[in-house]
Amino acid sequence: MRPLLALVLLLQALHIGLAHATERYLQLVVTEPYLEMHSGPGRGFPVVYVVGRDDSVTVLYSRTDWYKVRAPRGQEGWVRRADLARTVLASGKPAPIPPYPDFATHRWEMGAGYGVYNRQNLVTAYGDFGITNSIDAEFVVQQALGTIDNRYIASIGLRHTFVPEWKWFSPTAGIGTAFQYVEDKVPPAPREKSNQMAYVSLGARGFITRRFMWRADWRHYVVFNSLNVHEELEEWKIGLAVFF
Amino acid sequence: MENRLSSVLLAAALLSGCSWFHRGERAPAPTPVVAEEPQADPSIIEPQVNRREVKTPKIKAKDVELGGYFGALSVQDFGTNPIYGVRAAYHVSEDIFLEGYLARSKAGQSSLENVFPQITVISDSGRRFTYYDLDLGYNVLPGEVFLGRGRAFNTALYVTVGMGDVKFADKDQFALNFGVGTRVLVTDWLAVHMDVRDHVFESTLFGVDKNVHNVEATLGFTTFF
């Protein structure tokens with residue numbers, strides 16, 4: 001914990017140093033009658049300055065959907081993404097404001113959620129890479145917290161999205177392999193502390209807003225153990241994710 | 001004077017010669033003859049300047065917030081003690097953010113142990129209270145605060161809800177947490193946080209199953225990356 005805190009403080013100190021390093025910023029020319037600059041990066045913040053047509057602004061950085069800009073006379077403020085997208089480069093080309101990632105064709109995804117694993121509370125976090133629009137590789141780390149034991153589960157698998165174009169609700173199915181580590185809480189100790197597992201899954205995903213989405217997943221695990229009868233486990237989870 | 005002029009011309013000739021090596025794809029034309037001429041007009045060299053591709057600078061996104069916090073944690077039945085931790089957040093939109101916390105504290109003595117010193121409810125190592133949380137946050141009341149007449153700071157009052165693991169009494173427990181906090185941006189990249197958060201989990205330490213509330217009040221500093 002202490003080294004981690006030290007690392008964070010070091011990063012922050014480094015960041016302060018970097019913030020003062022000279023950087024090249026994007027210059028954009030206003031083509032609309034005016035460009036409004038707000039006092040903060042949010043819809044409610046008042047307009048504190050207005051840049052006129054044919055004046056240029058320096059774009060310093062962005063935060064969510066807002067861009068911090070500097071006016072020709074040095075005033076700084078926040079411009080809405082949609083407003084800045086209507087400015088142009090000095091060459092006359094449209095401003096290079098990156099579009100939102102397309103939900104149907106996005107590549108990366110990161111999320112977390114809640115679930116139930118073997119009737120235990122489950123905390124889950126995952127990363128996901130889209131190999132194609134309909135096939136993803138998913139990497140999941142989970143902690144199941146129960147009254148008898150705690151389990152750590154890591155899994156890797158492939159998931160198929162049947163109709164990636166369906167925005168609000170699109171069913172998925174997947175297979176994969178997993179590993180679980182059992183940490184005993186109440187005696188008797190489990191027969192095996194760790195197991196290899198395999199799973200099949202059914203689920204769904206949907207778009208919420210901008211780069212935000214939800215996922216729900218049901219999994220059926222087969223636990224490989226030294227006994228002749230394989231143990232079977234059920235899991236379901238819901239989560240929120242950000243896609244890039 | 002003459003010496004300097006000739007050295008300037010020689011330098012120009014050398015530079016123009018060097019520039020050929022940097023051109024890569026284009027085969028060298030027999031221009032060295034021109035470069036050798038002592039009275040060469042500088043304008044002849046000019047066309048050899050490579051046209052530079054103008055790169056438009058990228059806009060940096062500063063949506064990630066990273067920092068640390070410290071404060072007081074009241075562990076139910078075990079007194080109030082110092083706590084410190086780290087936090088990382090990703091701002092998805094102006095309203096929503098995802099946040100993770102990692103913190104540690106150490107619980108004190110319960111009233112039972114204070115009254116009957118011979119009783120130990122939990123071992124010394126079990127008094128360590130650590131948690132991690134994964135939260136969803138919502139900026140409920142964004143706004144500005146004023147310091148005197150000349151200064152305004154952007155702020156937001158936010159609520160968070162999440163879940164995670166609390167390790168207490170040598171046991172990991174599933175815990176829900178509910179929090180409310182305020183973020184004051186001293187500059188656009190440095191924020192001060194004041195948070196109150198409750199970690200709720202089920203405990204059987206005193207024989208009966210009950211939900212214990214562990215409230216913390218913390219002060220934190222974060223920077224935006």
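Biologist: Which residue of β3(B) stands opposite S74(B)?
Modeller: In this predicted model, β2 (residues 64-74) and β3 (residues 80-91) of chain B pair in the antiparallel sense over 11 bridges. Strands (E, at least two residues) and helices (H or I, at least four residues) are DSSP runs, numbered from the N terminus, and two strands pair if DSSP finds at least two bridges between them. Within β3(B), the residue opposite S74(B) is T80(B).

Biologist: What pLDDT do local features need in this model?
Modeller: Residues are numbered from 1 along each chain as its sequence is written, while chains are lettered from A and ligands numbered from 1 in the order in which they are written.

Biologist: How many strands form the closed barrel of chain B?
Modeller: The barrel runs β2-β3-β4-β5-β6-β7-β8-β9, with antiparallel pairing. From one strand to the next, the twist averages 25°, with axes fitted as lines to C-alpha atoms (for helices, over the stretch in contact) and angles running from 0 to 180 degrees between N-to-C directions. The number of strands in this closed barrel is eight.

Biologist: Is F221(B) buried or exposed, or in between?
Modeller: F221(B) lies in β9 (residues 210-224) of chain B, and it touches G67(B), G68(B) and V192(B), not counting residues up to four places away in sequence. Contact means that the C-beta atoms, placed from the backbone, lie within 7 Å. A residue is buried if 20 or more other C-beta atoms lie within 10 Å of its own, exposed if 12 or fewer, and partly exposed in between. Because F221(B) has 17 C-beta neighbours inside 10 Å, it counts as partly exposed.

Biologist: Which element of chain A gives the most residues to the side that touches chain B?
Modeller: The contact takes 44 residues from chain A and 39 residues from chain B. Elements of chain A that each supply at least two residues to this side include α1 (2-19), β4 (56-63) and β14 (231-243). With eight residues, the element that gives the most is α1(A).

Biologist: Which residue of β1(B) stands opposite Y61(A)?
Modeller: Across the two chains, β4(A) and β1 (residues 60-61) of chain B pair in the parallel sense over two bridges. In β1(B), the residue opposite Y61(A) is K60(B).

Biologist: What separates the centres of the two domains of chain A?
Modeller: By an automatic or database domain assignment, chain A is divided into domain 1 (22-99) and domain 2 (108-243). Taken over C-alpha atoms, the distance between the centres of these domains is 43 Å.

Biologist: How many bridges join β11(A) to β12(A)?
Modeller: β11 (residues 170-184) of chain A runs antiparallel to β10 (residues 149-161), with 13 bridges, and Q180(A) is the bridge partner of I153(A). Towards β12 (residues 194-209), β11(A) also runs antiparallel, and I175(A) stands opposite V200(A). The number of bridges joining β11(A) to β12(A) is 12.

How values were computed
This is a predicted model: local features need pLDDT of at least 70, side-chain atom pairs count only at pLDDT 80 or more; totals for chains, interfaces and linings use all residues. Two residues are in contact if their C-beta atoms, placed from the backbone, lie within 7 Å.
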